[in-house]
Amino acid sequence: MAEKYGTVPPRFTRAWWDYFWYYYKWRVIITAAAALIAAVTIVQCANRPKYDMTVTYAGNMNYSERESETLAKLLSGYITDIDGNGEPSVYFQKLVFTGAVGNEEYDYSMQTKLDLSFTDSTSRVYLMDKQEAELYLNRDSVEEAFLKTDAYAKGSGAQILSAPDGTGYAVNLADSKLLKENEIYCDDLYLLIRADDAREETSQLYEDSLSIARELIK
């Protein structure tokens, strides 16, 4: 049975509207706010740009807007138009850690976003500073998460960062010609490529990630 307060006036009369607003205004406001938030979220998702691949940076370097846009544009030239919209595109995701006292909660949220990025099939290329790269290389799951560098850097002469068992998973990009020529910071930057999960829908993403890797380590 519906909850009622006092004597309910005849429906849709002036007294009824006054009664309704007095007793139920917060329910109306909350419901309207929820509907508005849902509508905005739906519109944002519908209008959100779609990207063929996500390249994620994780470290303490806060890349400028120019560097971010330049890098995304450059790397878009080495991938295919996977979603068939007529334009190959890379999304450059920046996850910047502060390491500062008092910012532990913020840094934790960045780490959570980084870990969650592995649930996104388009996240294939990772750029990390040495500290963040070593954290992953010391995890037991590193073999499942990242591709061995032999798959794309063998014979390149690039400096390799290895896991405790001696297996290489990260490549130092300090001498990257592509990054240096475009004035993109790379002194403390390491490349890691996500391991292929052998699903048919990710095979082209896998090949494109190798294409990006080979260009970055030249």
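Student: Which residue in β2 stands opposite Thr54?

Tutor: Two strands pair if DSSP finds at least two bridges between them. Here, Tyr91 in β2 is opposite Thr54. Strand β1 (residues 53-59) and strand β2 (residues 90-96) run parallel and are joined by 7 bridges. Strands are DSSP runs of E with at least two residues, helices runs of H or I with at least four, both numbered from the N terminus. The model is predicted: local features need pLDDT of at least 70, side-chain atom pairs count only at pLDDT 80 or more, and totals for chains, interfaces and linings use all residues. Residues are numbered from 1 along each chain as its sequence is written, and side-chain values use heavy atoms, leaving out hydrogens and water.

Student: How many bridges join β1 to β3?

Tutor: There are 5 bridges between β1 and strand β3 (residues 123-128), and these strands run parallel. Thr56 stands opposite Tyr126 in β3.

Student: Are the residues of β1 buried or exposed?

Tutor: Buried means under 20% relative accessible area, exposed over 50%, and partly exposed in between (1.4 Å probe, protein chains only). In β1, 7 of 7 residues are buried. Met53, Val55, Tyr57 and Gly59 point one way, while Thr54, Thr56 and Ala58 point the other way.

Student: Which helix lies in the β-α-β unit with β1 and β2?

Tutor: A crossover is right-handed if, with the strands pointing away from the viewer, the path from the first strand over the helix to the second runs clockwise. Helix α2 (residues 65-76) forms such a right-handed unit with β1 and β2.
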